[in-house]
Amino acid sequence: MFKKLTNPFIYVAGSKSLVLGLLTIFGTSIVAYFSKTYFPDIISVKMGVDLSILSSIAQNFINWFVVSILFHLMAMILSKSKIRMLDIFGTQALARFPYFFVSFINFSESLDLFGKYLLWTFMSYGEPIEITIIQKSIAVFLLFISLVFTIWMVMLMYNAFKVSANLKGTKLILSFIIVMIFSMVVLTYLSKILILNIN
């Protein structure tokens, strides 16, 4: 069961993973729009961001497309196997599945209240906020859950790249880290352009 949750790409790849992944990204975008959850790059999550539905959809698909392109290029350079673009794009799309659940988290008012409470308490920014122990506990729990889902998604992305690129060892680890860092830099820049031109 654990293997299926962390490396489903042994069982699902190619066009099937692409279709399921694209549906997941689209669903995540719609839920994120209503919950005001924003994914500015491949792993970052921002709560309480008011975007247009078009921006939400475009951002999530750009995140997937950029990291998939970079993984594909890296696989072409390093792997001795025949690389199928379909496999890389499909498995990376499906790897974003955990963020479908993350997009629901901000429906709770506890996170927004907790954020405003922290800003006022430690930075004297905003207005005084009254928050109960229960609300604080819920907010911390939801943040923890968000972290767990983020770790799960990174594991899925790693295993998706490993399977579709047929890499292992130092080549796999270093190339994965390089792509993750570079994609976050690229997406940070693209996200600003997207916000200015679409939202």
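**Entry: before starting**

I am working with a predicted model. I follow the residue numbering that starts from 1 along each chain.

**Entry: α2 and α5**

I began with helix α2, residues 14-35, and helix α5, residues 98-105. I found that their axes come within 8 Å and cross at roughly 10 degrees. Angles under 35 degrees count as roughly parallel, and that makes α2 roughly parallel to α5. From α2, I listed Thr 24, Gly 27, Thr 28, Val 31, Ala 32 and Ser 35 at the contact. From α5, I listed Tyr 99, Phe 100, Ser 103 and Phe 104. I sorted the contact of α2 with α5 by class and got five nonpolar residues, five polar ones and no charged ones.

**Entry: α3 and α7**

Next I turned to helix α3 (residues 53-78) and helix α7 (residues 133-165). Their axes come within 10 Å, and I noted a crossing at roughly 40 degrees. The two helices, α3 and α7, are therefore oblique to each other. I also checked the hand: α3 passes α7 in a right-handed crossing. On the α3 side I wrote down Val 67, Phe 71, Met 74 and Ala 75, which meet Met 157, Phe 161 and Ala 165 of α7. What classes of residue make up the contact of α3 with α7? I counted seven nonpolar, no polar and no charged residues there.

**Entry: α7 and α8**

I stayed with α7 and looked at its partner α8, a helix of residues 169-197. The axes of α7 and α8 come within 11 Å and cross at roughly 125 degrees. I therefore filed α7 and α8 as oblique to each other. Here too I noted the hand, with α7 passing α8 in a right-handed crossing. The α7 residues in this contact are Val 154, Met 157, Tyr 158, Phe 161 and Lys 162. Those from α8 are Leu 172, Ile 173, Ser 175, Phe 176 and Met 180. By class, I have eight nonpolar, one polar and one charged residue for the contact of α7 with α8.

**Entry: the largest pocket**

I then asked which residues line the largest pocket. My list reads Lys 46, Met 47, Gly 48, Asn 106, Leu 111, Asp 112, Phe 114, Gly 115, Lys 116, Leu 118, Leu 119 and Leu 143. I noted β2 (46-47) and α6 (109-123) as the elements that give two or more residues to this lining. The largest share, seven residues, comes from α6. For the volume of the largest pocket I have about 230 Å³. Its lining divides into six nonpolar, three polar and three charged residues.

**Entry: the cavities**

How many cavities of 30 Å³ or more are there? I found two.

The largest cavity holds about 40 Å³ of space. I found Ile 25, Thr 28, Asn 60, Arg 96 and Tyr 99 lining the largest cavity. By class, I recorded two nonpolar, two polar and one charged residue in that lining.

Technical notes: This is a predicted model: local features need pLDDT of at least 70, side-chain atom pairs count only at pLDDT 80 or more; totals for chains, interfaces and linings use all residues. Side-chain values use heavy atoms; hydrogens and water are left out. On a 1 Å grid over the protein atoms alone, a cavity is a set of points where a 1.4 Å probe fits but cannot get out, and a pocket is an open set with protein on both sides within 12 Å along at least five of seven lines; lining residues have an atom within 4 Å of a point. Grid points are joined across faces, edges and corners, and a volume is the space filled by probe spheres set on the points. Ala, Val, Leu, Ile, Met, Phe, Trp, Tyr, Cys and Pro count as nonpolar, Asp, Glu, Lys and Arg as charged, and the others, Gly among them, as polar. Axes are lines fitted to C-alpha atoms, for helices over the stretch in contact, and angles run from 0 to 180 degrees between N-to-C directions. Helices (H or I, at least four residues) and strands (E, at least two) are DSSP runs, numbered from the N terminus. Angles under 35 degrees count as roughly parallel, over 145 as roughly antiparallel, 65 to 115 as roughly perpendicular and the rest as oblique. A crossing is left-handed if the near helix is turned anticlockwise from the far one by less than a right angle, and right-handed if clockwise. Contact means heavy atoms within 4.5 Å.
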